[in-house]
Amino acid sequence: MKFYLIRHGETVDNIVSLYAGVRDSALTVHGIEQARRLGDYFAKNDVKLTHIFASPLQRAFKTAEAVRDAQVKLDGGSGGNGDGDRDGKARVEIVKVPDLIEQDFGFYEGKSFFARSGAKKSGREGHYDKHRNDPGFVDVESRESMCQRADAFLDQHLLPLMLAQSQGADPETTIAVVSHGMLLASLWRRLLLRLPRKSLRIAPEVTTARGPVVLEHLGGWSNTGYLELELMRGEVKGVGVAVAAQQTLQPASEKDVPNTELPTLAIPPSIAPADVSAPTRSTPVPPPAAAEEAEGSSDSEIFATSSTALSAPSKALSLAGWSTAILAVDSKEHLVGFKRQRGGIGRIAHDEGQKKLDGFFKRQKKG
């Protein structure tokens with residue numbers, strides 16, 4: 001089973017360094033081209049997605065659409081009805097999952113980064129102290145709330161697919177999750193808590209490119225950057241170095257070690273919907289991503305966390321008996337040689353209507 005955690009393309013809020021959060025910020029022209037290049041790259045490298053999950057926010061969903069549509073085109077088109085490829089296979093449905101939405105930045109939604117105000121206090125902290133008692137002030141969604149949402153996705157979507165594969169029902173499963181930097185970082189950490197630590201391996205290409213890797217903090221996701229994982233029952237053979245053999249890859253603390261006493265996926269579970277309460281709040285505010293930086297950068301993760309130590313949910317299913325290989329971290333191979341359009345065109349919001357208009361004039365010329 002292959003598993004891709006993908007961040008959306010560049011947005012208009014990324015360009016001007018605003019906290020996007022749950023705002024429905026549109027992809028830029030450059031952002032939609034990033035998504036198309038990712039789709040083409042997957043298709044040309046025989047990455048055949050069987051399941052696509054996406055945040056309902058348009059920046060993530062349209063990125064997912066571009067990835068899915070590139071695969072359809074490579075297979076020879078939609079066959080005229082847009083519902084499948086030339087061989088009659090159904091086009092992969094993109095499942096919108098509200099739990100994959102970005103962290104809610106509350107009062108700071110749509111606001112810009114606050115510069116440092118002193119040697120010991122950041123602009124964020126100073127701004128929070130000044131405004132936290134203002135009428136209508138809404139705090140930032142807490143880490144605990146994001147962990148609950150990530151756990152709900154794992155229990156309700158990913159783990160049932162893993163169970164099906166372990167039972168031989170779906171041997172060629174390739175899953176893409178298209179979401180946001182902060183949420184993806186949370187999702188990875190919640191998955192990591194369920195994985196037997198000795199079963200993890202890292203491809204040599206990753207350590208060559210990035211140096212020592214700290215599993216709990218892989219760094220941020222660039223626009224359309226992705227984390228590529230291979231999960232399988234038994235041992236992943238021929239892939240890199242075992243994590244347990246590298247001192248730099250050990251958990252930050254013993255509290256971060258997955259609970260090995262959790263029920264395992266090998267036993268068919270009854271997966272009930274997770275009890276996810278309304279988002280709770282916790283400050284301070286994470287810094288916003290710059291245009292080419294990830295929403296879930298290592299600095300952002302530090303500012304977003306609370307004092308609560310990482311721990312697996314009490315009723316979670318562990319993945320004992322499964323092995324995991326980390327094949328790519330924030331991969332941007334699809335963007336090699338790709339440059340922004342000149343004249344500011346790449347920075348404006350992508351207009352789907354313009355694409356249709358351009359297509360109309362091309363058809364007119366052919367006539």
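Visitor: Which side chain makes a polar contact with the side chain of Asp155?
Guide: This model is predicted. In it, the two side chains come to 2.8 Å. A polar contact needs a pair of N or O atoms within 3.5 Å. The partner of Asp155 is Arg194.

Visitor: Is Asp155 buried or exposed?
Guide: Asp155 is found in helix α5. Buried means under 20% relative accessible area. Asp155 has 13% relative accessibility, so the residue counts as buried.

Visitor: At what angle do helix α5 and helix α6 pack?
Guide: Two packed helices are described by the angle between their axes and the distance between the axes. Here α5 covers residues 143-166 and α6 covers residues 181-192. Their axes lie 9 Å apart. The angle is about 65°.

Visitor: Is the crossing of α5 and α6 left-handed or right-handed?
Guide: Look at how α5 passes α6. The contact includes Phe153 and Leu154 of α5, and Leu183 and Leu187 of α6. The crossing is right-handed.

Visitor: How many residues in the contact of α5 with α6 are nonpolar?
Guide: Among the residues making the contact are Met146 of α5 and Met182 of α6. Met counts as nonpolar, whereas Arg counts as charged. The contact has five charged residues and one polar. The nonpolar residues number ten.

Visitor: Where does Glu10 lie?
Guide: UniProt's unreviewed entry lists Glu10 under the feature "binding site". Strand β1 covers 2-7 and helix α1 covers 12-15. Glu10 lies between these two elements, in the loop.

Visitor: Which side chain makes a polar contact with the side chain of Glu10?
Guide: Glu10 counts as buried because its relative accessibility is 0%. Its side chain has a polar contact of 2.6 Å. The partner is the side chain of Thr28.

Visitor: Which residues is Asp13 in contact with, leaving aside neighbours within four places in sequence?
Guide: Asp13 is found in helix α1. At 4% relative accessibility, Asp13 is under the 20% cut-off, so this residue counts as buried. Beyond those neighbours, the contacts of Asp13 are Leu18, Ala20, Arg23 and Ser25.

Visitor: What share of the residues in the chain is buried?
Guide: The chain has nine helices and eight strands. Its residues number 367. The buried share is 50%.

Visitor: What share of the contacts with a separation of 6 or more joins residues 24 or more positions apart?
Guide: Contact means heavy atoms within 4.5 Å. Take the chain's contacts with a separation of 6 or more. Residues 24 or more positions apart account for 85%.

Methods. Residues are numbered from 1 along each chain as its sequence is written. This is a predicted model: local features need pLDDT of at least 70, side-chain atom pairs count only at pLDDT 80 or more; totals for chains, interfaces and linings use all residues. Side-chain values use heavy atoms; hydrogens and water are left out. UniProt positions are given in the numbering used here, feature names are shortened, and annotations may be inferred rather than shown by experiment. Helices (H or I, at least four residues) and strands (E, at least two) are DSSP runs, numbered from the N terminus. Buried means under 20% relative accessible area, exposed over 50%, partly exposed in between (1.4 Å probe, protein chains only). A polar contact is a pair of N or O atoms within 3.5 Å; within protein, one must be able to donate a hydrogen and the other to accept it, and residues adjacent in sequence count only if both atoms are side-chain atoms. Axes are lines fitted to C-alpha atoms, for helices over the stretch in contact, and angles run from 0 to 180 degrees between N-to-C directions. A crossing is left-handed if the near helix is turned anticlockwise from the far one by less than a right angle, and right-handed if clockwise.
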